[in-house]
Amino acid sequence: MDPTIIDVEASGFGRGSYPIEVGVALPDTSTHCFLIRPDAAWTHWDSAAESLHHIDRQTLLRHGRSPAEVAGALNRLLAGARVYSDAWSHDLSWLGRLHEVSGVPQGYRLESLRVLLSEAQAAIWHQTKSRVIEQMALTRHRASSDALIIQET
């Protein structure tokens, strides 16, 4: 059975950054994606991060869901599940910010994808991921596509 994978796109890197999109790939390979409208206190914006995810702040303000809506949707989708991330420390921080600002306690457990990999698998992770990206031919760098790529890798 495939693991549940989560991927988070953010406004930038480091202090002050916050989640702007969360994507999930479930064990049945279905995906879910949520754009997040920034909280009023979330003002940090890094154009270098935008050049990677191609989501501008205006799109978030127009089409994003509130942090409480996204936190609630994630809890319903992932209720009690163990969810894996390939960028655990970053995603843990960003999901923590999402749940904290929304006042919605996190109802799922986030773990590093690394716990699922043997040393041999970890050693070939990047080259395998590159092949999977090529084979899947997903052209958009978005959180749900990334989660699916990670799950397939």
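Helices (H or I, at least four residues) and strands (E, at least two) are DSSP runs, numbered from the N terminus. The structure described here is a predicted model, in which local features need pLDDT of at least 70 and side-chain atom pairs count only at pLDDT 80 or more, while totals for chains, interfaces and linings use all residues. Residues are numbered from 1 along each chain as its sequence is written, and side-chain values use heavy atoms, with hydrogens and water left out.

- Strand 2 (residues 19-25) and strand 3 run antiparallel and are joined by five bridges; within strand 3, Leu 35 is the bridge partner of Glu 21.

**Helix 3**

- The 12 residues of helix 3 reach 16 Å from first C-alpha to last, close to the 16 Å expected at 1.5 Å a residue; the expected span is 1.5 Å times one less than the number of residues.
- Its buried residues are Pro 67, Val 70, Ala 71, Gly 72, Ala 73, Leu 74, Asn 75 and Leu 78. Buried means under 20% relative accessible area, exposed over 50%, and partly exposed in between (1.4 Å probe, protein chains only).
- The cover over these residues includes strand 1, strand 2, strand 3, strand 4 and helix 4, where contact means heavy atoms within 4.5 Å.
- Just after helix 3, Gly 80 has a positive phi of about 70 degrees.

**Helix 4**

- Asp 91, Trp 94, Leu 95, Leu 98, His 99 and Ser 102 are buried in helix 4. Seen down the helix axis, the buried residues fall within an arc of 135 degrees, so they line one face of helix 4; the arc is that of the directions from the helix axis to the C-beta atoms.
- Gly 103 follows helix 4 and has a positive phi, near 75 degrees.

**Nonpolar cores**

- A nonpolar core is a set of buried Ala, Val, Leu, Ile, Met, Phe, Trp, Tyr and Cys residues joined through side-chain atoms within 4.5 Å.
- The largest nonpolar core has 26 residues, of which Ile 6, Val 22, Val 24, Leu 74, Leu 78, Leu 95 and Leu 98 touch the most other members.
- Helix 3 gives the most to this core, with five residues.
- A second, separate core of seven residues includes Ala 25, Leu 113, Trp 125 and Ile 150.

- Thr 29, in the loop between strand 2 and strand 3, has a positive phi of about 70 degrees although it is not a glycine. Thr 29 is partly exposed, at 40% relative accessibility.
- His 54, in the loop between helix 1 (47-53) and helix 2 (57-63), is likewise not a glycine and has a positive phi of about 60 degrees. His 54 is exposed, with a relative accessible area of 62%.

Notes
Pairing = 2+ DSSP bridges.
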